[in-house]
Amino acid sequence: MRLLKTPSVLPGFNLSLGITVLCLSLLVVLPFAMMAVSTAQMGWAAFWHTVSEPRVLASVWLSLRMSFFAMLTNIVFGTLVAWVLVRYEFPFKGLVNALVDLPFALPTAVTGIALATLYAPNGWIGRWFAKMDIQVAFTPKGIWIALVFVSLPFIVRAVQPVLEELSGEYEEAAASLGAGRLATFRRVILPEIAPALLTGAGMMFARATGEFGSVIFIAGNIPMESEILPLIITGKLEQYDVQGASAVALFMLLISFFILLALNLSQWALGKRGGAKA
């Protein structure tokens, strides 16, 4: 008996799927595969020796730590910005909404130079910290500020659509039942925006760990203190150590992958729990 092929609901599905897989393979899979092949040629012993160098481990720890602190900061302030943009009307709201995307529009080098100028000991903002014996630029604090700046839109744009869909009637109903603001946020708002928060946090963490242009000018690049991982990779490439650069990049890629996997699993668990309650 001849089996009849069920036509796809979407016209051109096979062609569009083939083009999508081809583009992903050329733009995403192939570069990572070549990096893995280049790293495999140096052997496990040489790979471990490269990634376990104290200077490399210090830069990895610094990049992960500052990215994590920036993520926590933007989860709070990014959610607050999204809340204000959705729930309130005020003059120049459109301008403020456009400014949120400014880190995407600015070249990263311009961002780094501007931040270094502002937070240098003789800068407009840095001079006030200098009076309190606090140095921001050319320290890990400067890295944190740069990462907060460039990754803020990820949280805002992830949470904002969810808040727009969340009717204010739920908050009014919670208030009428005697719930305070903290209880309303914890029991009504947070469960709705938690998946979006995790999505934005994962994207911004991935962006922050590999950020180079906006950080390089304000970090100071002091080995074992304020040297970020992308600078280690760039330094190895300048020394024509392609395999060493690939090894460090692959090591960081694996760390970021497992962190993003954990965030995605948490998001899936929250979504499943929300579906079960519904």
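Ser63, Ser67, Ile143, Leu147, Ala208, Thr209, Glu211, Val215 and Ile228 line the largest cavity of this predicted model. Here a cavity is a set of points, on a 1 Å grid over the protein atoms alone, where a 1.4 Å probe fits but cannot get out, and a lining residue has an atom within 4 Å of such a point. The volume of the largest cavity is about 40 Å³, where volume means the space filled by probe spheres set on the points, with grid points joined across faces, edges and corners. Counting cavities of 30 Å³ or more gives one. What kinds of residues make up the lining? Five are nonpolar, three polar and one charged, where Ala, Val, Leu, Ile, Met, Phe, Trp, Tyr, Cys and Pro count as nonpolar, Asp, Glu, Lys and Arg as charged, and the others, Gly among them, as polar.

Helix 3 (54-87), helix 8 (140-165) and helix 10 (181-209) each give at least two residues to that lining. Across the chain there are 13 helices and zero strands; helices (H or I, at least four residues) and strands (E, at least two) are DSSP runs, numbered from the N terminus. The C-alpha atoms fill a box of roughly 80 × 65 × 30 Å along the principal axes.

Side chains of opposite charge can pair when their charged atoms come close. Glutamate 227 and arginine 55 form a salt bridge, at 2.6 Å from N to O. This pair joins distant parts of the chain, 172 residues apart: arginine 55 is in helix 3, and glutamate 227 is in the loop between helix 11 (213-219) and helix 12 (229-238). The whole structure has four salt bridges, each a side-chain nitrogen of Lys or Arg within 4 Å of a carboxyl oxygen of Asp or Glu.

Now turn to the UniProt record. Its unreviewed entry annotates residues 60-263 as "domain: ABC transmembrane type-1"; positions follow the numbering used here, feature names are shortened, and annotations may be inferred rather than shown by experiment. That span is 78% helix and 0% strand, and its end C-alpha atoms lie 19 Å apart. The entry also marks "transmembrane region" stretches, including residues 66-86 and 98-121. Residues 66-86 are 100% helix, with end C-alpha atoms 29 Å apart, while residues 98-121 are 79% helix, with ends 30 Å apart.

A note on reading the model: residues are numbered from 1 along each chain as its sequence is written, and side-chain values use heavy atoms, leaving out hydrogens and water. Local features need pLDDT of at least 70 and side-chain atom pairs count only at pLDDT 80 or more, whereas totals for chains, interfaces and linings use all residues.

Conventions: 1 Å grid on protein atoms, 1.4 Å probe; cavity = no way out; pocket = protein on both sides within 12 Å on 5 of 7 lines; lining within 4 Å.
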